[in-house]
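Please study the sequence and the structure shown below. The questions that follow concern its sheet, its helices and its aromatic rings.

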Amino acid sequence: DDVLGVGSSIEVFRRDGASVLVVFLTSGDANVAGKRLITMSPFPLPVEFRAIGTRRQKEALVALGRLGVPRENAIFLNYPDRGLNSLQSEHWLAVDPFCSPYTQRSTKYFRGAFNPGSPYCGEELVEDLKEIITAFRPTILYLPHPLDAHEDHRAAYNLVRSALGDLEAMDCEFVRPDSRCYLEHSYAGVWPTPSRVSDVRAMVPLEAFLGSGTWHSAALTMESINAKYRALRAHASQWWTSGSFLRRFICSNELYMAESG
């Protein structure tokens, strides 16, 4: 998702010398199609879902390396894929953690995760985000669009906003970063518009989203576009099953909705 939404922008920031930190809320460990393809097994074995999550984390590190981001600037929170909405709506407290139906875990299982072993609940996720934001002090923060069709993405937006709100309430010197929202999944129409293999088109906001905020377009060079393509190809487990969708994001620009307050 980081590469799809702002991969080329990340490459540009790094080439200009900026420090970039990428935080993965989940590890993609609920990818049924990817698991079946890699394991050649139709059975929903929890150990295999955990293995696909670990694999996707490794792919993410390779992808970020191709964008110029060092391994130490990637943080994996290891919360449950397809479970973030449940964390914010049903399993907020640590006394009632969410159990992933895929991995059969209710705590972080990845030993290299941020605060490993923490329970799957909304309050823990927000505390993790507050700790990371306080330490890194970002000036620009990219996050999913609040109307994204993927429920994990909508929940991620809400959880990040909760963390920012808490930090403002508890620290009068906290400076809220410039928030920029990227869209990846839409109920309002095909997004982005499919293009021919040899055609690199400009991304245009869907009409249904024009009233949701102020949209900005970041023009890209062929160097940054090629870097994004190489980073996407690093996600082999996704490319094999969703390559046609991923290719749509190879565009001559990247779009984001600017937020204030």
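Two strands pair if DSSP finds at least two bridges between them. Helices (H or I, at least four residues) and strands (E, at least two) are DSSP runs, numbered from the N terminus. This is a predicted model, in which local features need pLDDT of at least 70 and side-chain atom pairs count only at pLDDT 80 or more, while totals for chains, interfaces and linings use all residues. Residues are numbered from 1 along each chain as its sequence is written, and side-chain values use heavy atoms, with hydrogens and water left out.

Q: Which residue in S6 is the bridge partner of Arg180?
A: Strand S4 covers residues 178-182 and strand S6 covers residues 253-259. The two run antiparallel and are joined by 3 bridges. In S6, the partner of Arg180 is Ala258.

Q: In what order do the 4 strands form the open sheet?
A: The pairing in this open sheet is mixed. Its edge strands, each pairing on one side only, are S3 (140-144) and S5 (214-219). The order is S3-S4-S6-S5.

Q: How is H3 placed against H8, roughly parallel or roughly perpendicular?
A: The axes of H3 and helix H8 (residues 236-247) come within 8 Å and cross at roughly 100 degrees. This angle makes the two helices roughly perpendicular.

Q: Which residues in H8 does H3 meet?
A: Contact means heavy atoms within 4.5 Å. From H3, the residues Ile52, Arg55, Arg56 and Glu59 take part. Their partners in H8 are Ala236, Ser237, Gln238 and Trp240.

Q: How many residues apart in sequence are the parts that the pair of Phe13 and Tyr142 ties together?
A: Rings of Phe, Tyr and Trp (its six-membered ring) pair if their centres lie within 6.5 Å; planes under 30 degrees apart count as stacked, over 60 as edge-to-face and the rest as tilted. Phe13 and Tyr142 form a tilted pair, 6.3 Å centre to centre with 55 degrees between the planes. Phe13 lies in helix H1 (residues 2-15) and Tyr142 in strand S3, so the pair ties together parts whose separation in sequence is 129 residues.

Technical notes:
Axes fitted to C-alpha atoms, helices over the stretch in contact; angles between N-to-C directions. Parallel < 35°, antiparallel > 145°, perpendicular 65-115°, else oblique.
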